[in-house]
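Please look over the sequence and the structure before reading on.

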Amino acid sequence: MLEKEEFITFKESLSKQNVRLVAVSKVHPASKIQTYYDFGQRVFGENRAQEMAEKYEQLPKDIKWHMIGPLQTNKVKYIIDFVDMIESVDRVKVLKEIHKRAKRIDRTVDVLLQLHIAEEEQKHGFTESEVRSIIETKEKFDHVNIRGLMGMATLTDDENKIRKEFNSLKDLFAQIKKEHPSWETFDILSMGMTGDYSIAIECGSNCVRIGSMIFGQRPKH
Ligand SMILES: *Cc1c(COP(=O)(O)O)cnc(C)c1O
């Protein structure tokens with residue numbers, strides 16, 4: 001855990017660069033989240049729907065919960081009432097389910113489209129052409145607000161490789177913005193975690209998802 005001063009200094013350095021912080025609290029208990037809430041943090045990231053729903057019940061209601069893990073369609077119902085953003089939309093089926101459930105409760109939910117930019121097979125996400133075809137048909141999903149793109153780089157010490165992967169995502173983000181100049185809410189490029197956030201920011205990220213640096217090592221499940 002960081003001391004209050006350390007945390008605030010870190011957060012200020014990010015906001016000076018116009019980078020938002022998602023504090024990734026997955027696996028950690030509500031009490032630790034409360035500590036950072038008391039330091040002023042409001043945006044927390046979780047990767048399991050039920051765990052997020054339990055923490056939502058226990059913690060202050062002005063927390064903005066970001067889903068950052070692969071989401072099964074049958075889990076959308078656990079979070080649809082309160083989730084602030086679903087960053088990990090990686091299949092059209094999931095997008096449709098979010099739209100359907102959001103419409104039912106008359107909400108519009110912010111989402112990011114997750115791109116597969118890493119070499120590793122197990123990382124999730126769309127290809128560039130899949131993202132483009134979703135964007136062409138985005139009017140169909142009027143209870144979903146596509147706010148931008150998310151991606152994870154390969155876990156490697158090869159900085160050039162990480163940079164290349166982040167740059168490919170930044171380029172796609174910039175192209176889409178250019179092709180849709182009036183789409184003002186398409187404004188979030190979420191990339192960077194504890195190990196690679198500095199590179200991600202250099203490559204144009206404006207939203208970092210940081211867990212272990214803030215909360216310490218995650219206990220194993
Ligand atoms: C766990 C996780 C993070 C945070 O990882 P750290 O290395 O602990 O900062 C960021 N993004 C996603 C999608 C995650 O699953």
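## Strands S2 and S3

Phe44 has Trp65 as its bridge partner in strand S3, and the pairing to which these two residues belong joins strand S2 (residues 43-46) to S3 in the parallel sense through four bridges. Two strands are taken to pair if DSSP finds at least two bridges between them, while the strands (E, at least two residues) and helices (H or I, at least four residues) are themselves DSSP runs numbered from the N terminus.

The model is a predicted one, in which local features need pLDDT of at least 70 and side-chain atom pairs count only at pLDDT 80 or more, whereas totals for chains, interfaces and linings use all residues. Residues are numbered from 1 along each chain as its sequence is written, and side-chain values use heavy atoms, with hydrogens and water left out.

## Strand S4 and its neighbours

Strand S3 (residues 64-67) also runs parallel to S4, to which two bridges join it, and His66 has Met85 as its bridge partner in S4. S4 pairs in turn with strand S5 (residues 109-115), again in the parallel sense, over three bridges, with Val111 of S5 as the bridge partner of Ile86. A right-handed β-α-β unit is formed by S4, helix H5 (residues 92-104) and S5.

Because five of the five residues of S4 (residues 85-89) are buried, this strand is largely enclosed by the rest of the structure; buried means under 20% relative accessible area, calculated with a 1.4 Å probe on protein chains only.

## The ligand site

An N or O atom in the side chain of Thr194 is 2.5 Å from an oxygen atom of the ligand, a polar side-chain atom of Ser212 lies 2.7 Å from a ligand oxygen atom, and a backbone N or O atom of Gly211 lies 2.8 Å from an oxygen atom of the ligand. Of the 390 Å² of accessible area that the ligand has on its own, the protein covers 90%, the areas coming from the Shrake-Rupley method with a 1.4 Å probe.

Note on methods:
Buried < 20%, exposed > 50% of the residue type's maximum accessible area, 1.4 Å probe, protein only. Right-handed = clockwise from strand over helix to strand, strands pointing away. Polar contact = N/O pair within 3.5 Å; in protein donor to acceptor, adjacent residues only side chain to side chain.
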